[in-house]
Amino acid sequence: MGLPPRATVDAVTADLAAAAAGRPDVAAAVHDTERSRAAYARLVHAEVDDVAIAAQVSVAVSMVAASAPDGAEILCADGDFSSVMLPFAQTGRGVRVRTAPLADLAAAVGPDTWLVAYSLVQSATGEIADADAIGRAARAVGAWTLCDLSQAVGWLPVTASWFDASVCHAYKWLCAPRGVAFLTVTKEFGEHLRPVQGGWYAGEDPWASCYGVDIEFAASARRFDVSPAWQAFVGAAPALELFADVDADALHDHATGLAAAFREGMGLPSPARQSAIVTWPDADGAALGRLRATGITASGRAGRARVGFHLFNDAEDVARALTALGR
């Protein structure tokens with residue numbers, strides 16, 4: 001989870017104080033929701049009309065899964081994050097999930113593949129997918145692509161149009177409150193999706209879409225919106241604008257440079273694509289325990305210890321982590 005910027009803490013605190021005083025400002029929350037949408041669009045180089053808001057990655061993926069044709073084949077990466085895979089596995093109607101190693105995902109695309117769903121950066125390992133190769137393979141057979149950007153946007157420069165659809169939760173590398181996620185959809189793929197989770201906020205005029213079923217959905221990707229978690233978006237707007245204003249290439253070099261220094265100190269091999277996430281085998285949790293014992297925040301994922309370097313880290317953090325691990 002990313003550290004919230006000071007502006008986010010101030011915004012959420014002020015919003016709570018207003019609510020406690022009996023003066024919740026829904027109009028301001030709507031404004032912050034749209035600020036968040038616009039900032040995220042800038043971050044991933046998308047048109048605002050192609051961005052929908054969500055609450056969780058699995059919510060957005062479930063909508064795509066509900067729109068898959070009966071009997072469709074969904075190709076996923078082995079061991080990918082569950083929120084990308086489970087909605088398709090639970091769809092029924094003969095929809096089937098097939099998996100392949102991330103490095104072989106492009107080669108595994110076949111004539112029966114309807115959609116390739118994968119994470120650009122793997123949560124458990126930090127491995128970065130070859131999005132270009134996967135996209136080319138999918139287009140060659142007429143398949144669509146859905147990519148989870150949750151472990152990428154914020155440190156890895158990304159362009160949403162690389163994919164037919166992409167999803168991202170902003171509480172990780174974008175340092176926003178939990179409950180703020182985004183879905184980008186190309187206009188072509190959007191024609192194949194049904195807004196099965198659409199509520200009042202998905203209407204062309206949300207305030208005229210509060211009652212009944214005779215509602216005109218938005219013509220843009222807003223028809224896939226879920227009702228926003230007000231307070232979360234109040235805090236998300238300043239965080240997303242901060243990252244939208246940062247030099248993305250400089251941040252990428254900073255984060256991956258720290259990760260490379262840590263990797264070198266640990267004697268770990270350099271990955272094919274430089275990642276801000278470093279993992280290594282730690283089946284008994286000993287390395288994770290040593291890091292945590294010295295006050296370093298790290299995590300254990302799929303039998304591996306995992307550390308990530310971001311905007312708020314520096315060379316001293318690398319040195320502290322290596323010292324804690326006896327390096």
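This is a predicted model: local features need pLDDT of at least 70, side-chain atom pairs count only at pLDDT 80 or more; totals for chains, interfaces and linings use all residues.
Strand 5 (residues 144-148) runs parallel to strand 6, and three bridges join the two. With strand 7 (residues 181-185), strand 6 pairs in the antiparallel sense, this time over five bridges. Val 167 is a handy residue for seeing both pairings: Asp 148 stands opposite Val 167, and in strand 7 the bridge partner of Val 167 is Leu 183.

Next come the rings. A pair of aromatic rings is described by how far apart the centres are and by the angle of the planes. Searching the whole structure turns up 13 aromatic pairs. One of them joins Trp 200 and Tyr 201, with centres 5.3 Å apart and planes at 80 degrees. That angle makes the pair edge-to-face, because planes over 60 degrees apart are counted that way. Tyr 201 has 3% relative accessibility, so this residue counts as buried; the cut-off for buried is under 20%. Trp 200 and Tyr 201 also belong to one aromatic cluster together with Trp 207 and Trp 230.

Another of the pairs is formed by Phe 262 and Phe 309. Phe 262 lies in helix 9 (residues 248-266), whereas Phe 309 lies in the loop between strand 10 and helix 11. The pair therefore ties together parts that are 47 residues apart in sequence. Both Phe 262 and Phe 309 are buried. A ring can have a charged neighbour too: Arg 178 lies over the face of Tyr 171, at 4.6 Å from the ring centre.

Finally, the surface. Leu 3, Leu 242, Leu 311 and Phe 312 form a nonpolar patch there, and together they have about 330 Å² of accessible area. Leu 311 sits in the loop between strand 10 (304-308) and helix 11 (315-324). With 39% relative accessibility, Leu 311 counts as partly exposed, because that class runs between the 20% limit for buried and the 50% limit for exposed.

How values were computed: Residues are numbered from 1 along each chain as its sequence is written. Side-chain values use heavy atoms; hydrogens and water are left out. Patches are made of residues with over 30% relative accessible area and no salt bridge: like charges are joined within 9 Å, nonpolar side chains (Val, Leu, Ile, Met, Phe, Trp, Tyr) within 5 Å. Accessible areas come from the Shrake-Rupley method with a 1.4 Å probe; for residues, only the protein chains shown count as cover. A salt bridge is a side-chain nitrogen of Lys or Arg within 4 Å of a carboxyl oxygen of Asp or Glu. Helices (H or I, at least four residues) and strands (E, at least two) are DSSP runs, numbered from the N terminus. Buried means under 20% relative accessible area, exposed over 50%, partly exposed in between (1.4 Å probe, protein chains only). Rings of Phe, Tyr and Trp (its six-membered ring) pair if their centres lie within 6.5 Å; planes under 30 degrees apart count as stacked, over 60 as edge-to-face and the rest as tilted. A charge sits over a ring if NZ of Lys or CZ of Arg is within 6 Å of the ring centre and within 35 degrees of the ring normal. Two strands pair if DSSP finds at least two bridges between them.
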